[in-house]
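Here is my note on the structure, written as numbered points. Please keep the model open while you read, and look up each residue as it comes.

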Amino acid sequence: MTHGTATPRSANLSRYQLFAVLAGLYLAQGIPTYLFAAAIPPILREQNVSRMAIGFFSILLLPLVLKFLWAPLVDRVRPFARAHRAGWVIITQCGIIAAILSLMAVAPGNVWAIFAIGFIASLLLSTQDIATDGYAAKHLEAADRPIGNAIQGGAIAFGVIIGGTLGLVLYHQAGWQIMLAAIALLSLVPLAAAFAMRESDPTPAASAARISRPSIKAFLKRPEARQILWIALLYRASEGLVKAMEGSYLVDAGIPLDVIGYLSGASAATAGLVGSALAAALVRRWGVRSGLGILGSLRTVCFLIFALHALGTLVGVWPLYGASALQTLIRYMEIVALYSLFMSVTSSEQPGTDFTILACGQLVVYLVGSMGSGALADMLGYGALFGLSAALSAGATLGTILMLRTNASRAPASAVAAAKGGSQP
């Protein structure tokens with residue numbers, strides 16, 4: 001991104017404006033996401049909806065995993081002549097607010113009507129995410145990517161608090177209708193960020209392989225993009241195995257449900273805010289490669305603690321509290337580091353498509369691990385499952401470092417700078 005002849009003061013102002021816009025855009029996604037993911041499921045359960053029916057709500061994640069299929073469309077089509085990605089954000093956010101308001105016509109126990117509306121909202125949220133990530137990838141300077149992704153993590157944490165926690169409090173205190181009206185109203189506020197988006201595209205970087213039509217094929221043609229895709233598929237492969245079974249193991253270890261709720265809920269918002277800030281400082285100081293190495297090593301230690309506790313080598317609850325809380329913190333920090341790496345290989349012509357393919361890649365392996373974790377725990381036991389996860393985590397961390405080091409010469413200057421820790425020259 002270039003600022004042309006902008007003075008340092010105006011460049012700084014533009015930089016801070018971009019941070020503010022990104023905070024609003026990511027908060028716009030976080031509020032409705034956690035309304036459906038965190039607030040509505042327990043409300044349904046209170047209405048005596050079966051656990052099986054509530055379990056179907058995991059299908060709402062499907063658009064988030066498959067959004068790479070229509071990401072090129074978002075990069076190609078300008079909904080309005082003077083507003084490309086801003087146009088997508090405005091259209092989808094208005095649709096999401098309409099979806100929330102339409103829930104007011106549905107009883108809180110009408111699970112299938114809520115599911116149908118939720119699926120439409122999920123499609124809109126996924127499409128909006130493509131546009132927002134593309135905007136961030138295109139406009140953030142290389143040195144500012146950790147900050148931009150930390151802002152994303154912090155905004156999501158606020159989304160947990162507003163859409164999830166506040167939603168449940170409002171439902172408990174004032175009822176279904178008031179809760180939905182309030183959440184819809186709060187979702188209007190970050191919509192202002194879409195009108196503040198500036199899309200005078202920066203001069204595209206000179207590239208011998210100029211892409212004319214955004215597509216998945218164009219992404220796969222680029223060696224440096226394929227390299228980072230391998231890292232996206234490798235680095236978090238072990239996490240789903242542990243995260244999906246963490247709650248079950250804590251219950252089986254005798255941890256009270258309210259403590260588990262704090263570890264996985266309220267602490268997640270705290271970890272989101274603190275971890276995102278720490279990760280931004282870590283990546284800016286030592287670079288993505290070192291950052292991912294440090295975080296992967298700490299994650300491996302957490303998994304080992306779980307394994308040793310399950311095998312009876314470690315006793316007591318405090319090792320579990322510590323490992324669980326640290327793992328939550330690490331997860332937010334990893335996202336900041338990984339997303340900064342993903343942005344370093346996005347092209348100017350299709351930033352939304354490139355970033356979305358990589359983000360979906362790491363999400364797919366996480367979900368595959370989650371789905372297989374229960375069967376592995378039944379077959380091998382908790383100790384073997386957590387031990388296997390620790391070994392996979394260590395291998396993935398080492399493999400990621402080696403790939404970033406040995407193949408750095410194949411990557412563009414921005415990717416090399418991000419991996420080493422410097423800013424793009």
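1. Start with Val-65. This is a predicted model, and in it Val-65 has 12% relative accessibility. The cut-off for buried is under 20%, so Val-65 counts as buried. Val-65 sits in helix H3, which covers residues 62-66. What does Val-65 touch, leaving out residues up to four places away in sequence? The partners are Cys-360, Leu-363, Val-364 and Leu-367. Val-65 can also be placed against Ser-126. The two are 61 residues apart along the chain, yet their C-alpha atoms are separated by 8.8 Å.

2. Follow one of those partners. Cys-360 touches Val-65. Cys-360 is buried, with a relative accessible area of 2%. Cys-302 is buried too, at 1%. How many disulfides does a search of the whole structure find? The search finds zero. A disulfide is a covalent bond between the sulfur atoms of two cysteines.

3. Now step back to the whole protein. The model has 17 helices and zero strands. Of its 425 residues, 52% count as buried. The exposed surface comes to about 18200 Å². Carbon and sulfur atoms supply 68% of that surface. Consider also the contacts between residues at least 6 apart in sequence. Of these, 85% join residues at least 24 apart.

4. Check the length of helix H6. This helix runs over residues 111-139, which makes 29 residues. At 1.5 Å a residue, H6 should span 42 Å. Is H6 mostly covered or mostly open? H6 is mostly covered, with 22 of its 29 residues buried.

5. Stay in H6 and look at Thr-127. This residue lies in the helix. Its relative accessibility is 12%, so Thr-127 counts as buried. Which residues does Thr-127 contact, aside from neighbours within four places in sequence? They are Trp-70, Val-74, Trp-88 and Thr-92. Two of these names, Trp-88 and Thr-92, return in the next point.

6. Helix H5 covers residues 85-102 and has 18 residues. From its first C-alpha to its last, H5 reaches 26 Å. That is close to the 26 Å expected at 1.5 Å a residue. The buried residues of H5 include Trp-88, Val-89, Ile-90, Thr-92 and Ile-96. Arg-85 and Gln-93 are also among them.

7. Turn to the aromatic rings. A pair of aromatic rings is described by the distance of the centres and the angle of the planes. The count comes to 14 aromatic pairs. Take Trp-112 and Phe-115, whose ring centres are 6.1 Å apart. Their planes meet at 75 degrees, so the pair is edge-to-face. The cut-off that matters here is over 60 degrees. Why are the two separated by about one helical turn? Because they are three residues apart in helix H6. Phe-115 counts as buried, at 17% relative accessibility. Trp-112 and Phe-115 also belong to one aromatic cluster with Phe-57 and Phe-119.

8. Arg-299 lies over the face of Tyr-235. The distance to the ring centre is 4.5 Å.

9. Next comes helix H7, residues 145-174, which holds Gly-163. Gly-163 has 0% relative accessibility, so this glycine counts as buried. Beyond residues up to four places away in sequence, Gly-163 touches Ile-31, Tyr-34, Leu-35, Ala-39 and Ile-183. Gly-163 and Ala-37 are 126 residues apart in sequence, but 8.9 Å apart in space, C-alpha to C-alpha. Val-160 is buried, with a relative accessible area of 14%. Val-160 and Gly-272 are 112 residues apart in sequence and 9.6 Å apart in space, C-alpha to C-alpha.

10. Finish with a loop residue. Asn-48 lies between helix H1 (8-46) and helix H2 (51-55). Is Asn-48 buried or exposed? At 69% relative accessibility, Asn-48 counts as exposed. Its phi is near 70 degrees. That is a positive value in a residue other than glycine.

How values were computed:
Residues numbered from 1 in each chain as written. Predicted model: local features only at pLDDT ≥ 70, side-chain atom pairs only at ≥ 80, totals over all residues. Heavy atoms only, no water. Helix = DSSP H or I, 4+ residues; strand = E, 2+ residues; numbered from the N terminus. Expected span 1.5 Å × (residues − 1). Buried < 20%, exposed > 50% of the residue type's maximum accessible area, 1.4 Å probe, protein only. Contact = heavy atoms within 4.5 Å. Areas by Shrake-Rupley, 256 points an atom, 1.4 Å probe, with all protein chains shown as cover. Phe/Tyr/Trp six-rings, centres within 6.5 Å; stacked < 30°, edge-to-face > 60°. Lys NZ or Arg CZ within 6 Å of the ring centre and 35° of its normal. Disulfide = S-S within 2.5 Å.
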